[in-house]
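Dear colleague,

I am handing over the structure that I would like you to look at. Please open it first, and then read the notes below it.

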Amino acid sequence: MPKTRSHSRYAPDRGLTTRMVTTMFLIGLLYVVFVGVLLALLKNAWPVILLIAGILFVAQFWFSDRIAAFSMGAREVTPEQAPGLHGSVDRVCALADIPKPRVAIADSDIPNAFATGRNERTALVCVTTGLLRRLEPEELEGVLAHELSHVAHRDVAVMTIASFLGVLAGVMTRVALYTGLGRTSRDSTTALVALLIPLVSAVVYVISFLLTRLLSRYRELSADRSAALLTGRPSALASALTKVTGEMARIPTKDLRRAEPFNAFWFAPAFSSRESLSRLLSSHPTLEQRLDQLGRISAQLGRA
C-alpha cells in the first residue's frame with residue numbers, strides 16, 4: 001500500500017487553503033448552531049439527535065469516496081484492462097511526485113472525469129469512456145493532472161464533507177418530523193416546533209450550498225492553474241476544456257440530467273438546459289474564465 005505524502009510538486013495555493021479553512025469553519029459553526037437549535041426545540045430527543053448526527057458524519061467521512069464513485073458508475077480497471085489510461089496516470093503521478101491512485105472508468109458518453117478520496121491513500125481517479133474517445137494523450141494528461149491536483153490539495157475531501165453537512169441538516173429534520181421526536185402534547189408549542197424545524201433546516205441548507213459553491217468555483221481555477229504549471233502545457237488543458245464543453249451540447253438531455261447532481265465533482269459541469277439555474281449558482285467558473293487564466297499562464301511560461 002502506498003504511503004501518504006505530505007508534499008507534491010503541485011504548486012501550493014495559499015488562497016485555496018485559506019478558503020478551505022474558512023469554509024469548513026463557517027459550515028462547522030453553522031452545523032453546531034443547527035444541532036443546538038434542534039436540541040433546544042426537541043429537548044426530550046437530544047440523545048437521538050446527537051447519535052444520528054455522529055453516525056451520519058462518521059459514515060460520510062469514511063465512505064464518501066465509495067458512495068460518490070458508485071453513484072457515478074466508476075468501475076476500477078487494471079493496467080492490463082486500460083494500459084493507455086494507466087500510462088497517462090503513471091506519467092502525471094511521476095511528474096507530481098505523488099502516490100498513484102486507483103484508476104477507474106465510467107461507461108458514459110458524457111466526456112468528463114472526476115477524483116474522489118479523503119487523502120492520497122484512498123484516492124480514485126475516474127474518466128468516462130466518452131472522454132477517452134475524444135481526447136488526445138496530451139489533453140488527457142492535462143485533465144488527469146487537474147483531477148489529481150484536487151487530491152494533492154485535499155480540496156476534494158473538504159468539498160465532500162462540506163456538501164454533506166447541508167444534506168445532513170435535511171436528513172435530521174426529516175427524522176425529527178417523521179418520528180415526532182420531542183412531541184409531548186398537541187398544543188401551540190408543538191405546532192411552532194413543527195414550523196421552525198424545516199425553516200431552520202432550509203436556512204442551513206441554503207447557506208451551506210452558497211459557501212460550497214464559492215469554494216468550488218475557486219478550486220476549479222486552482223486545479224487548472226496547478227495542472228498547467230505541473231505539465232508545462234496549458235494549451236493542452238485549454239484544448240481539452242474546449243472539446244469537453246463543446247461536446248456537452250451533443251449529449252442527450254436525459255443523460256445530462258443524470259450527471260448534473262454530481263457537477264461539483266466533474267472536470268466540467270453537465271447542464272441539461274442553457275437556462276438552468278445551475279448556471280447562476282454553478283459549481284464551476286465559466287469556460288471563458290478558465291481559458292483566460294490558462295492563456296495568461298501560457299504567456300508567463302513563454303517568457304520564462
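Is Ser88 buried or exposed? Ser88 is buried, since its relative accessible area is 3%, where buried means under 20% relative accessible area, exposed over 50%, and partly exposed in between (1.4 Å probe, protein chains only). Ser88 belongs to helix H3, and, leaving aside residues up to four places away in sequence, it touches Leu140, Glu141 and Leu144, contact being heavy atoms within 4.5 Å.

Before the rest, a word on the source. This is a predicted model, in which local features need pLDDT of at least 70 and side-chain atom pairs count only at pLDDT 80 or more, while totals for chains, interfaces and linings use all residues. Residues are numbered from 1 along each chain as its sequence is written, and side-chain values use heavy atoms, with hydrogens and water left out.

As for the chain overall, its secondary structure comes to 10 helices and four strands, where helices (H or I, at least four residues) and strands (E, at least two) are DSSP runs numbered from the N terminus. Read from the N terminus on, the elements follow the order α-α-β-α-β-β-β-α-α-α-α-α-α-α. Of the 304 residues of the chain, 49% count as buried, and among contacts between residues at least 6 apart in sequence, 71% join residues at least 24 apart. The chain exposes about 15100 Å², of which carbon and sulfur atoms supply 62%; accessible areas come from the Shrake-Rupley method with a 1.4 Å probe, and for residues only the protein chains shown count as cover.

Turning to the sheet, the four strands form an open sheet in the order E1-E2-E4-E3, with mixed pairing, and two strands pair if DSSP finds at least two bridges between them. Strand E1 (74–76) and strand E3 (113–116) stand at the edges with a single partner strand each, so one side of each has no neighbour in the sheet. From one strand to the next, the twist averages 30 degrees. E3 and strand E4 (residues 124–128) run antiparallel and are joined by four bridges, and Ala115 has Val125 in E4 as its bridge partner.

Helix H3 (residues 83–96) packs on this sheet, where it touches strand E2 (102–106) and E4, and its direction makes about 135 degrees with that of E2; axes are lines fitted to C-alpha atoms, for helices over the stretch in contact, and angles run from 0 to 180 degrees between N-to-C directions. Helix H5 (residues 137–152) lies across E3 and E4 and runs at about 25 degrees to E3.

Asp97, in the loop between H3 and E2, has a phi near 60 degrees, a positive value in a residue other than glycine, and it is partly exposed, with a relative accessible area of 23%. Arg154, in the loop between H5 and helix H6 (155–179), is not a glycine either, yet has a positive phi of about 65 degrees; with a relative accessible area of 35%, Arg154 is partly exposed.

Finally, there is the surface to consider. Leu29, which lies in helix H1 (residues 14–41), counts as partly exposed because its relative accessibility is 44%. Together with Phe25, Leu26 and Val33, Leu29 makes a nonpolar surface patch of about 370 Å². Patches are made of residues with over 30% relative accessible area and no salt bridge, with like charges joined within 9 Å and nonpolar side chains (Val, Leu, Ile, Met, Phe, Trp, Tyr) within 5 Å; a salt bridge is a side-chain nitrogen of Lys or Arg within 4 Å of a carboxyl oxygen of Asp or Glu.
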